[in-house]
Amino acid sequence: MRISRRAFAAAAVAVLLPLGACGSGGDGGGSADASGKVEGDITFQTWNLRANFKPYFEGLIAEFEKKYPGTDVKWVDQPAEGYADKISADAAGGTLPDVVNVSPDLVAPLAKAGLALDLDKAAPQYRKEYLPGAWDGHRIPGMPGTYAFPWYLNTGPLFYNKTLFRQAGLDPEKPPKTYGELFSAALQLAKKSDGKVATLANVPTIEDFGRYGVPLMNKEGTAFTFNDAKGVELLAEYKKLYDAKALDPQALTATPESSGKKFLTGAVAMNPGSALDLGNFKKQAPSLYKNIGITDQITSTGHVNMYVMGVMVNSQTKRKPAAVAFAHFVTDAAHQMSFAKKVAIFPSTAGSLDDPYFTEEDGTDETRVRVAAAKSLKTAVNYTPVLFSEQMKIALRNEVAKALQGKQSPKEALDNAVKECDRLLKQQG
């Protein structure tokens, strides 16, 4: 099960435009009142979860129906491929399920079209049950409210090669935490290795600009702002790394797989990863495995990046009390903890990450990574703007590449990227 934002999800932004007046917001003119008796038939839609978790969801639904006699939950599961298209078709046709599994970028066009229930109005009593960063994950710039219950979270720690740090004269027990420390360490690693060891294998993404403290959008959600002085400063620093071979020369075309191989062979000193990677290191590179370090993502804000999934209530549902009650039931602390123990994800509920399952190591690779990631998630932020589409990611990457190659200045590159992203934003509505 892939947790991060899927590439095809952003397609919903474009295909949902015919639904109504873009930016109308609210809950489609319907009442936000979710009080009343919890009863009636509702439909719950998940995103590619039936194959691996059928018993879990069947048990969850049976438990809810037992708690609320007179309710009947029909569960439908859609494949990953074409999920955004399915949601847009249902929304346009008036057949959107009562409760829907969404990511922030999927909920944005639904909220703009008035089809996502504002939980700040309809169910404000539940807000305190969730981590603040998770609850805010389904807010839409320029609109008041929160449009989905936070469900499961994910993040990833950063691996580093202690041997390479030691050889460069860096303290292997004190890896860089901020971008300033990262840039300094990276230049030292490159110098000591005569350019043979890069520290990073990837160019900066929108999440990097967020973690560096760059304001990404204006408060109204009408324009991008990552070309400000701080954004230019970040890209200028990456240009220095690129010139010094502290950034891998192939970073401009890198994939997660290619970056992983660079780290595996000792050509790169730091790389994001997961517990699965540790298993690969143990088999394919025992010496690396013995000298592996695990640390938090680099951030100058004090907050790492998180990915968040949510459960949205259709504002047009005829069974609002039941739909809200079920969406909350799916995402409450007990059920999130139960689900987290079946798959490598993390609960978004306040206090859950203090459970021994997320705080105590047992000597296995799985718990080493789980504990490290859970610790950072307590104050994590979803930096990727919900309105930042895949096309925008490509536009930013292309301009960043030109700056690193010296074809244009960092300022020119980010100005061009913002101009193109703003153009795409206007197309969204």
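Buried here means under 20% relative accessible area, exposed means over 50%, and partly exposed covers what lies in between (1.4 Å probe, protein chains only). The structure is a predicted model, in which local features need pLDDT of at least 70 and side-chain atom pairs count only at pLDDT 80 or more, while totals for chains, interfaces and linings use all residues. Residues are numbered from 1 along each chain as its sequence is written, and side-chain values use heavy atoms, with hydrogens and water left out.

A look at the whole chain comes first. The chain holds 19 helices and nine strands, where helices (H or I, at least four residues) and strands (E, at least two) are DSSP runs numbered from the N terminus. With a radius of gyration of 22 Å, close to the 22 Å that the globule rule gives for 429 residues, the chain is as compact as a globular protein of that length; the radius is taken over C-alpha atoms, and the rule is 2.2 Å times the number of residues to the power 0.38. Along the principal axes, the C-alpha atoms fill a box of roughly 70 × 50 × 35 Å.

Of the 429 residues, 54% are buried. Contacts (heavy atoms within 4.5 Å) between residues at least 6 apart in sequence join residues at least 24 apart in 77% of cases. The chain carries 50 positive and 47 negative side chains, with the centres of the two sets 4 Å apart. In that count Lys and Arg are positive and Asp and Glu negative, with His and the chain ends not counted, and each charge is placed at NZ of Lys, CZ of Arg, CG of Asp or CD of Glu.

Strand E1 deserves a visit of its own. Six of the eight residues of E1 (residues 40-47) are buried, so this strand is largely enclosed by the rest of the structure. E1 pairs in the parallel sense with strand E2 (residues 71-78) over eight bridges, pairing being assigned if DSSP finds at least two bridges between two strands. Asp 41 has Asp 72 in E2 as its bridge partner.

Most residues other than glycine have a negative phi. Asn 48, in the loop between E1 and helix H2 (50-67), has a positive phi of about 60 degrees although it is not a glycine. Asn 48 is partly exposed, at 37% relative accessibility. Asp 194, also not a glycine, has a positive phi near 55 degrees. Asp 194 lies in the loop between helix H8 (179-192) and helix H9 (206-212) and is exposed, with a relative accessible area of 68%.
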